[in-house]
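Student: I have a model open and would like to learn how to read its features. Could you walk me through a few?

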Amino acid sequence: MEMSNGYFQLICKKDGSYLKLFPAAEDGEAIDVSELTNYLMQKNILYDLTALNNAIRGLEEVTIFKLNDTPANRERECCKVTISPDKMQAVARFFAPAEGGELMTKEEFLNDLAQMKIVEGIREDSIDSFFRKRTYCTDIIVAEGKEPRHGTDARIEYYFNVDLKVKPTVKDDGSVDFFHLNTINHCDKGDMLAKLIPEDAGEYGINVLGEKIKPRDVHRAYLKFGKNIKLGDNSLEIYSEVNGHVTLVEGKVFVSNVFEVENVDNNTGNVDYEGSIQVNGNICENFTVKAKGDVEIRGVVEGAYVEAGGDIIIARGMNGMGKGTLKAGGNIVSKFLENVKSVMAGGYITTESILHSTVMARSEVTVSGRRGFITGGKVCAGNTITVKTLGSSMGADTIVEVGSDPSIKMRLQELQTSGMEINKILRSIQPIIDASNQKIAKGIKLEPEQLKYALSLMKLRDAKNEQLRAETKEMFDIENELGLMAAGQIIVTGEVYPGTKICIGDISTVVKSQSHYCRYIKEAGDIKMVGM
């Protein structure tokens with residue numbers, strides 16, 4: 001026996017109206033009482049709901065049930081067509097004609113669909129199947145739309161390393177090799193540097209009402225590049241025109257012969273270069289060196305300002321004289337950092353010693369080698385600080401902090417200050433707006449200048465509210481990010497001295513006694529010292 005749903009048929013006799021109730025076969029659905037009662041209401045046929053419910057409950061064989069003493073009309077076969085909320089599917093549910101009633105034709109049914117504006121994706125096979133073998137009170141998919149084919153975003157493939165994370169090698173004697181660092185992408189004339197894979201826009205879909213459905217928007221991409229680079233014949237590739245090195249800065253490809261100087265001093269003045277800079281000697285006090293790529297200094301940096309879009313490498317270290325600054329979008333590698341006002345890296349920082357300096361890295365700070373100490377100042381890292389000797393037996397104030405990106409915390413402070421300023425402005429202008437609205441509500445006509453002033457304040461209020469909403473969302477996102485980053489650690493491979501302040505996320509503690517070979521982590525809302 002095939003599966004079929006239970007259904008009903010109206011019987012019209014001289015002594016009244018009857019229903020012929022057919023039970024479900026196999027795993028079919030039983031007669032839906034609400035569907036049956038809706039049918040009877042539409043036909044204006046009276047019935048006893050309680051008796052009808054009792055007749056349907058537990059129906060196991062064909063049963064004749066009397067509705068009332070009034071003969072009903074011989075109803076034709078009919079159907080109900082439902083369009084899904086997304087308009088991607090039309091479902092028909094047919095109802096049997098009264099005994100002796102007329103049957104619906106396929107042409108009539110198709111006309112009904114057309115009147116409902118169902119014109120696309122008509123399922124002729126399903127419709128023909130019903131009219132060959134009628135199945136009542138059963139959902140039949142009679143039309144289906146076509147989903148859109150979503151495309152893909154454009155992308156750029158780079159044929160050089162865009163994420164250099166090479167760290168200096170520690171020699172057998174414990175010293176760090178700062179000279180042999182593979183941190184430059186060399187390229188030759190004619191080398192392909194990048195290739196654009198264009199976006200695929202996708203294809204429109206269509207619903208059963210014939211309405212087009214747009215695929216989701218895709219992102220375009222463009223090859224952005226500087227000098228010494230040429231575009232290929234198909235405009236989808238870029239090639240180097242010179243022998244040099246290639247860097248990627250904020251999505252733009254640069255190729256340059258390294259700008260090379262012996263020293264940055266009175267003979268050169270300040271240096272600002274689009275590519276990378278190599279200083280074979282020293283950078284003297286008060287001079288500024290800026291590069292969109294990397295900066296490599298083979299001598300010493302004094303109290304100077306050095307900024308790079310990529311990495312900063314200082315072979316012999318930096319004595320900042322209390323005012324020097326290093327700022328890198330990538331990593332910073334230096335022999336030592338002493339009395340530096342500010343060291344900021346978008347990646348990691350590696351050095352052999354840090355003395356009385358303020359140091360901040362987005363990922364990690366590693367202080368290794370024979371000396372390997374952090375003494376005085378403040379050192380912050382997003383994830384990990386690894387150091388041989390932490391603090392000083394002389395009691396120099398030393399602070400180490402992990403578990404949050406320092407640049408993100410600075411941005412959070414900026415947003416908090418901005419929020420207070422915006423709220424101050426809103427509190428000052430709202431009474432004036434309210435007073436103007438009250439006058440207008442009372443029918444008092446404002447002078448043109450007063451009206452213009454009130455409108456300008458309303459515009460300012462709306463702009464400030466929008467700014468506040470955007471900055472509040474950014475603050476929420478930053479706070480969530482800080483929460484996720486709060487699992488940093490501080491690793492001490494040698495000694496840690498009393499008086500050193502340890503901060504992990506929003507928790508801090510001061511070291512009370514000297515320890516060695518330990519690790520500081522955040523656990524159960526507190527900072528704990530554990531073994532290596």
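Student: Which backbone oxygen lies 2.9 Å from a polar atom of the side chain of Asn 5?

Tutor: The backbone oxygen of Cys 137 does. Before we go on, this is a predicted model, where local features need pLDDT of at least 70, side-chain atom pairs count only at pLDDT 80 or more, and totals for chains, interfaces and linings use all residues. Residues are numbered from 1 along each chain as its sequence is written, and side-chain values use heavy atoms, with hydrogens and water left out.

Student: Which backbone nitrogen does the side chain of Asn 5 reach?

Tutor: That of Glu 29, at 2.8 Å. Asn 5 sits in the segment before strand 1 (7-13); strands are DSSP runs of E with at least two residues, helices are runs of H or I with at least four, and both are numbered from the N terminus.

Student: Is Asn 5 buried or exposed?

Tutor: Buried means under 20% relative accessible area, exposed over 50%, and partly exposed in between (1.4 Å probe, protein chains only). Asn 5 counts as buried because its relative accessibility is 10%. Leaving out residues up to four places away in sequence, Asn 5 touches Ala 24, Gly 28, Glu 29, Tyr 136, Cys 137 and Thr 138; touching here means heavy atoms within 4.5 Å.

Student: How many salt bridges are there?

Tutor: A salt bridge is a side-chain nitrogen of Lys or Arg within 4 Å of a carboxyl oxygen of Asp or Glu. The count by this rule is 24. One of them joins the side chains of Arg 149 and Asp 200, at 2.9 Å from N to O. Arg 149 is in the loop between strand 6 (139-144) and strand 7 (155-158), and Asp 200 in the loop between strand 11 (192-197) and strand 12 (205-206), so this pair ties together parts 51 residues apart in sequence.

Student: Which residue does Lys 323 meet in a salt bridge?

Tutor: Its partner is Glu 285, with N to O at 2.5 Å. Here too the pair links distant parts of the chain, 38 residues apart: Lys 323 belongs to strand 25 (residues 318-328), and Glu 285 to the loop between strand 20 (277-279) and strand 21 (288-291). Lys 323 is partly exposed because its relative accessibility is 35%, and Glu 285 is partly exposed at 30%.

Student: Which residues are linked in a network of salt bridges?

Tutor: Glu 35, Arg 93 and Asp 139 are linked that way. Happy exploring!

Methods
Polar contact = N/O pair within 3.5 Å; in protein donor to acceptor, adjacent residues only side chain to side chain.
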